[in-house]
Amino acid sequence: MADGERKRTLEVARRAPLTGELSGRTVLIVDDDPVHIRHVRDGLAPHGYLFTEAHDGTQALSAIRESRPDLILMDVEMPGLGGVEVCRIIKANAGEDGFGFIPVILMTARQAAGKVEGLELGADDYLVKPFDMLELSARVKSMLRLKALQDALVEKNRELDRANKELAARREELLALTRTDALTGLSNRRALEERLNDEFARSRRYGAPLSLVMLDIDHFKRINDSFGHPFGDRVLKAVAQTARARLREVDLLARYGGEEFIALLPETGPEDALRVCERVRDAIAALELEHVGGSGKPQCVRLTASLGVATVPSGDLPSAEALLRAADASLYAAKGAGRNRVHQHAA
């Protein structure tokens, strides 16, 4: 390209109107020569940039940390830390946790000696002093546009990351809803069956005890018929909260269906399981729920529950389904023996 044509191209670039995203961008000028800093500022001032300055590499790094400029114009030869060393530090800390992406244009009076080194260390452009102010203006504008595009890309990536996290959270919420009983807030039957299979497999693999408790509220149909289904729902919630409060964090309590609940007690042998069941049964028997009927007079309603428990390892319980059936049979044995009691499967 002929010199005349090149100058005309640079003049067009210099006079092209700045978009709103470039006007007001901050340019850090780093040079140990105040005259040269002033010369650069005067040449770029008509474009609406903001300027900060530093006179050596150490000051430059401080200015970058404090103001995060959009572009750095930096002399190569300076006392102390030179421009090439500062450029290396900037590019080595270009991640989001560091300085981020900041374009660097190195300036030097040497022709080629430092140019290759500077570009290899990540400098984005290189100017040899004395340079044409029109060329400087065009290159600054180009680098600031690159910075604007990079900032927009980073923000888009952040928005995408936020959207992905929100989507993941929504999925977790939906998954929780599919595994939670809406009335009591306990795990539902589906979640119980998944956990039961996992815990049974772990028990068989390591020989660790696993107890399963089936709990049924005594005469629950009579409660619904006498006091209405809304009160029956209150009873279910109260029993769920009472039983859950008597279990460990690691234990699972689920609503199995209707007025039946199942508790999984990992690492719990027969004797400990029996003690847990009695503790839960006593707490439910101590409940007093107030019901206000049509007469407006409050009535205290007492509850009881029957519980059946089975534990593995056991020779006659070779599967999770067998463990569940054994606890169910024990529950019916408790009911047949008069209710409000615990019956334990005999291995």
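A: Let me begin with a term: two strands count as paired if DSSP finds at least two bridges between them. The strands and helices themselves are DSSP runs numbered from the N terminus, with helices (H or I) of at least four residues and strands (E) of at least two. This is a predicted model, in which local features need pLDDT of at least 70 and side-chain atom pairs count only at pLDDT 80 or more, while totals for chains, interfaces and linings use all residues. Residues are numbered from 1 along each chain as its sequence is written, and side-chain values use heavy atoms, with hydrogens and water left out.

Q: OK, in what order do the strands of the parallel sheet come?
A: That open sheet has five strands in the order S2-S1-S3-S4-S5, with parallel pairing. Strand S2 (50–54) and strand S5 (125–128) are its edge strands, each pairing on one side only. Ignoring direction, neighbouring strands are turned by 20° against each other on average; here axes are lines fitted to C-alpha atoms, for helices over the stretch in contact, and angles run from 0 to 180 degrees between N-to-C directions.

Q: How many bridges join S4 to S5?
A: Strand S4 (residues 104–108) is joined to S5 by four bridges, and the two run parallel. Within that pairing, Leu106 has Tyr126 in S5 as its bridge partner.

Q: And which strands does H2 touch?
A: H2 packs on the sheet against strand S1 (26–30), S2, strand S3 (71–75) and S4, and its direction makes about 170° with that of S2; contact means heavy atoms within 4.5 Å. Helix H4 (residues 83–92) packs on the sheet too, touching S3 and S4, with its direction at about 155° to that of S3.

Q: At what angle do H2 and H6 cross?
A: The axes of helix H2 (residues 34–44) and helix H6 (residues 133–178) come within 10 Å and cross at roughly 70°. H2 and H6 are therefore roughly perpendicular to each other, where angles under 35 degrees count as roughly parallel, over 145 as roughly antiparallel, 65 to 115 as roughly perpendicular and the rest as oblique. His39, Val40, Gly43 and Leu44 of H2 make the contact with Met133, Leu136, Ser137 and Val140 of H6.

Q: Switching topic, what is the order of strands in the mixed sheet?
A: Its five strands form an open sheet in the order S7-S8-S6-S11-S12. Strand S7 (252–257) and strand S12 (342–344) stand at the edges with a single partner strand each, so one side of each has no neighbour in the sheet.

Q: Is S6 buried or exposed?
A: Eight of the eight residues of strand S6 (residues 210–217) are buried, so S6 is largely enclosed by the rest of the structure; buried means under 20% relative accessible area, exposed over 50% and partly exposed in between, with a 1.4 Å probe and protein chains only. Leu210, Leu212, Met214 and Asp216 point one way from S6, with Ser211, Val213, Leu215 and Ile217 pointing the other way.

Q: What are the bridge partners of Asp216?
A: Glu260 is its partner in S8, and Ser306 is its partner in S11.

Q: How many aromatic pairs does a search of the whole structure find?
A: There are two, counting rings of Phe, Tyr and Trp (its six-membered ring) with centres within 6.5 Å, where planes under 30 degrees apart are stacked, over 60 edge-to-face and the rest tilted. Tyr49 and Phe51 form an edge-to-face pair, at 6.5 Å centre to centre with 85° between the planes. For Phe227 and Phe231 the ring centres are 5.3 Å apart and the planes stand at 55°, so that pair is tilted.

Q: Which residues of H8 and H9 meet?
A: Phe220, Ile223, Asn224 and Phe227 in H8 meet His229, Phe231, Gly232, Val235 and Leu236 in H9. The axes of helix H8 (residues 220–227) and H9 come within 7 Å and cross at roughly 140°, which makes H8 oblique to H9.
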